[in-house]
Amino acid sequence: MQFIPALLPSLIEAIADIIEKNAEEVTALDQAIGDGDHVINLQRGIQALVAQRDGLAKLDWTAAWQKIGMTLMSTVGGASGSLFGTLFVAMSKAAQDQALDLPRFAQVFTQGVEAVKLRGKADVGEKTMLDVLVPVAAYLREAAGNAVAAADVLTGVDCVAVAGMESTRDMLATKGRASFLEERSRGHIDAGAKTTQLMICAIVSVLSTTPA
Ligand code: ADP
Ligand code: MG
């Protein structure tokens, strides 16, 4: 499996599909402990990326992630827009045109996630998208260190993302709108953790079916 920007059109389409299929469920989650606009916010960004997909496929990762990040920042809105945007802009800075094998990608993704933490002044355990992003970054570093086979890495990322999303259910929200509900925020999965997990699993699914 080669991880190259030429895959971006398929990745973006798979992400658009999975968010569309789960839109009602995620909106219900955001209505329970947020203001219900998370999917609409995100879909605005995804539609902008769908329109840019062929141009993105011709760029290198540094340029592609920069463009994706800026597009998300300017179209998504909400708390999640600047956070998802920050993830990609920071990955662009970290990538610096280097070939992306697993150890290098693990570092680049980790730097993206660290930037999201700084931007949101948040960390794992606060019932946000970081409860998916942080464990996935940790898993990628561990898999890279142990030279795990590509197919197993993809399965592992999928499992870790789902477990991270599920972990938000019983957490107390201490960041974002859900934190206003205090104890009443418990018992609901965080919408941003859910969409982050869905998008990661959509990426895994495309990469799993991409020939070597
Ligand atoms: P808003 O809350 O402004 O309406 P969205 O509904 O688009 O924005 O996004 C909400 C999601 O953003 C939450 O479900 C959570 O995952 C994420 N989020 C909110 N605040 C933070 C933060 N400080 N750090 C990380 N993620 C956050
Ligand atoms: Mg919202």
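1. At the start of helix 6, a side-chain oxygen of D101 comes to within 3.0 Å of the backbone nitrogen of R104. That is a polar contact (a pair of N or O atoms within 3.5 Å; within protein, one able to donate a hydrogen and the other to accept it, with residues adjacent in sequence counted only if both atoms are side-chain atoms). Helices here are DSSP runs of H or I, at least four residues, numbered from the N terminus.

2. A word on the basis: this is a predicted model, where local features need pLDDT of at least 70 and side-chain atom pairs pLDDT 80 or more, while totals for chains, interfaces and linings use all residues. Residues are numbered from 1 along each chain as its sequence is written, chains are lettered from A and ligands numbered from 1 in written order, and side-chain values use heavy atoms, without hydrogens and water.

3. Which residue with a positive phi follows helix 6? K121 does, with phi near 45°, and K121 is exposed, at 65% relative accessible area. K127 sits in the loop between helix 6 and helix 7 and has a positive phi of about 70° although it is not a glycine. K127, however, is buried, with a relative accessible area of 1%.

4. Helix 9 covers residues 191-208 and reaches 25 Å between its first and last C-alpha, close to the 26 Å expected. Because 15 of its 18 residues are buried, helix 9 is largely enclosed by the rest of the structure. D190 caps its N-terminal end, with a side-chain oxygen 3.2 Å from the backbone nitrogen of G192.

5. Finally, the core: the largest nonpolar core has 64 residues, and W65 and F109 have the most contacts inside it. Such a core is a set of buried Ala, Val, Leu, Ile, Met, Phe, Trp, Tyr and Cys residues joined through side-chain atoms within 4.5 Å. Leaving aside residues up to four places away in sequence, W65 touches residues including F3, F88, M91 and F105.

Conventions: Buried < 20%, exposed > 50% of the residue type's maximum accessible area, 1.4 Å probe, protein only. Contact = heavy atoms within 4.5 Å. Helix = DSSP H or I, 4+ residues; strand = E, 2+ residues; numbered from the N terminus. Expected span 1.5 Å × (residues − 1).
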